[in-house]
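Biologist: I'm new to reading these models, and I'd like a close look at just one part. Could you walk me through the salt bridges and then show me how they sit in the rest of the fold?

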Protein chains: 2
Amino acid sequence: MPATIVEETCSGAEQELTQPAGFLLAQLGRAMTRRYRCALSPIGLKPRETHALLRLRDGGAMSQQALGVALDIDASNLVALLNDLESESLISRRRDPADRRRHVVEVSKRGTKLLSEVEHAAAEVEDDFFDALDDDERVALQGLLSRVARSADVPSPAEMAGEDSAC
Amino acid sequence: MPATIVEETCSGAEQELTQPAGFLLAQLGRAMTRRYRCALSPIGLKPRETHALLRLRDGGAMSQQALGVALDIDASNLVALLNDLESESLISRRRDPADRRRHVVEVSKRGTKLLSEVEHAAAEVEDDFFDALDDDERVALQGLLSRVARSADVPSPAEMAGEDSAC
DNA sequence: TATTGTTATACTCTATAACTATA
DNA sequence: TATAGTTATAGAGTATAACAATA
């Protein structure tokens, strides 16, 4: 029996293959989202909705545009997301009296209460996902990612209109 | 005039808001994928396809299942992806004589040649994305992410069938 | 004229189940 | 019976353009 192929296909164990950090990041991000979705679905929230609630609670009330930039989600897609949250009374939208084009978005009391339940589930997912890292390493990772996020500033598809480069 | 709201909504600059590492990871992964797509589209490759080619070149020929696990992509979705790559002669599929159920996937010569072009573009994207980090920090990030990837072992949606937990 | 939010739409990605051929 | 690959399909996510209200 040709052990060669068996070893190749079944290897799995310890391939020290170094893949580009970008692809690794993209892949882990997807895996993380999948786990969030799994853990949050019984509560009735999607990962993105949860992230929005967290951001609104910790960042305070803000316009939809500001929230969109913060979550790196397109403004048009944010509308539907907020509609869902609003229909369940987890957030509120009100016109900004200073600029009536704007909607000021805010977490409701009900949303805040739900967040405590959600936060526990989410923290559990993260704790499991980052199991290989000790506390110091998790802080280090968090710091590195935060700096990347702040610098990359995530041009967000909308903000790239009118540039000479493609896309 | 209510300066409160103006400051809140327009802040932008330096909010030291610490978001959960998981959501940060998911968000950056999406942003990274978007940039890959932008940079790779003129070449005619999608991020996932590029990742697959890289993995096949660096990991050697393997079965579709093994590739699916490596890329954390569902086996059924992998089929279409490989069909596209094969139709452009970038990879080849051949039956494994030892187990005729399996397809051994391999990068073609043409695929390898294309990869050198692609790698340059991808590296440029990454270099720009991780601009805030110096070389040591990039290595550190890569190491942390690699360890997470290896430990989390990414259960991949398919592998979770038959467990008592939901999802 | 530019910006905020909205709607509609097309496109991609992901998840699920059922089928086949091999084992 | 179980596994590798395939197909089909529904669902979630994403990108794009056009529009109304307001600045």
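Modeller: Here is a walk through the salt bridges, with some background on the chain first.

This is a predicted model, where local features need pLDDT of at least 70 and side-chain atom pairs count only at pLDDT 80 or more, while totals for chains, interfaces and linings use all residues. Residues are numbered from 1 along each chain as its sequence is written, chains are lettered from A and ligands numbered from 1 in the order in which they are written, and side-chain values use heavy atoms, with hydrogens and water left out.

Chain A has 8 helices and 3 strands; here helices (H or I, at least four residues) and strands (E, at least two) are DSSP runs, numbered from the N terminus. Along the sequence, they come in the order α-α-α-β-α-α-β-β-α-α-α. Of the 167 residues in chain A, 44% are buried. Buried means under 20% relative accessible area, exposed means over 50%, and partly exposed is in between, using a 1.4 Å probe and protein chains only.

Now for your salt bridges. Side chains of opposite charge can pair when their charged atoms come close. The rule used here asks for a side-chain nitrogen of Lys or Arg within 4 Å of a carboxyl oxygen of Asp or Glu. Over all chains, that gives 18 salt bridges.

Take A:Arg57 and A:Glu119, whose side chains meet with N to O at 2.7 Å. A:Arg57 lies in helix H3 (residues 47–59) of chain A and A:Glu119 in helix H6 (residues 109–129) of chain A, so this pair ties together parts 62 residues apart in sequence. A:Arg57 is partly exposed, at 30% relative accessible area, and A:Glu119 is partly exposed too, at 33%.

Next comes A:Asp99, which pairs with A:Arg101, their closest N and O atoms being 2.9 Å apart. A:Arg101 is exposed, with a relative accessible area of 71%.

Over in chain B, B:Asp128 and B:Arg35 form a salt bridge at 3.1 Å, N to O. This pair links distant parts of the chain: B:Asp128 is in helix H6 (residues 109–129) of chain B and B:Arg35 in helix H2 (residues 21–40) of chain B, 93 residues apart. Here B:Asp128 is partly exposed at 48%, whereas B:Arg35 is buried at 14%.
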